[in-house]
Amino acid sequence: MSETLDTIKQQISENSILLYMKGSPQMPQCGFSAQAVQALMGCGERFAFVNILDNPDIRAELPKYANWPTFPQLWINGELVGGCDIIVEMYQNGELAPMIKEAAANAAPQEGDNA
């Protein structure tokens with residue numbers, strides 16, 4: 001599984017705003033992922049995502065690596081921000097947008113949508 005951990009670390013380091021989720025932003029596969037995507041889209045910046053349903057190894061290993069048991073998981077600048085409840089709360093109280101905008105401003109220009 002060390003190859004999977006290397007992949008996770010690479011995804012986190014290469015994407016300043018990364019959401020591990022069920023499904024895709026265009027078609028979330030659970031309500032929590034849908035809420036997280038809505039909050040992120042409300043910040044107006046592009047973000048990368050990984051569909052854990054298509055990546056069972058990542059789905060199995062990321063909770064151990066992150067010490068966070070559930071999905072979605074939002075990572076900004078290599079740091080775990082949290083899951084759905086935290087993302088939505090931060091969006092509602094105005095904390096999320098400045099973090100997202102700062103991360104996007106510092107992002108590498110080649111950053112894509114899909115990690």
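Predicted model: local features only at pLDDT ≥ 70, side-chain atom pairs only at ≥ 80, totals over all residues.
Local features were considered at pLDDT of at least 70 and side-chain atom pairs only at pLDDT 80 or more, whereas totals for chains, interfaces and linings use all residues. Residues are numbered from 1 along each chain as its sequence is written, and side-chain values use heavy atoms, with hydrogens and water left out.

The strands form an open sheet of four, in the order β2-β1-β3-β4 and with mixed pairing, two strands being paired if DSSP finds at least two bridges between them. Because β2 (48–51) and β4 (79–82) stand at the edges, each with a single partner strand, one side of each is left without a neighbour in the sheet. From one strand to the next the twist averages 25°.

Strand β1 and strand β3 (residues 73–76) run antiparallel and are joined by four bridges, with L19 standing opposite L74 in β3. Strands β3 and β4 are likewise antiparallel, joined by three bridges, and the bridge partner of W75 in β4 is L80. These two strands, β3 and β4, form a hairpin with two residues between them, and N77 in the turn has a positive phi of about 50°. Along β3, Q73 and W75 point one way while L74 and I76 point the other way, and all are buried, that is, under 20% relative accessible area, against over 50% for exposed and in between for partly exposed (1.4 Å probe, protein chains only).

Axes are lines fitted to C-alpha atoms, for helices over the stretch in contact, and angles run from 0 to 180 degrees between N-to-C directions.

Helix α1 (residues 2–14) and helix α3 (residues 56–66) pack at an angle of about 75°, with their axes 9 Å apart; α1 and α3 are therefore roughly perpendicular to each other, a class that spans 65 to 115 degrees, with under 35 counted as roughly parallel, over 145 as roughly antiparallel and the rest as oblique. The contact (heavy atoms within 4.5 Å) is made by T4, L5, T7, I8, K9, Q11 and I12 of α1 together with D57, I58, E61, L62 and Y65 of α3.

C30 is found in the loop between β1 (17–21) and α2 (31–42), and counts as buried because its relative accessibility is 18%. K22 lies in the loop between β1 and α2 but, at 23% relative accessibility, counts as partly exposed. C84, found in helix α4, is buried with a relative accessible area of 5%, and, with the same exclusion, is in contact with F32, Q35 and P72.

Key:
Lists of a residue's contacts leave out its neighbours within four places in sequence.
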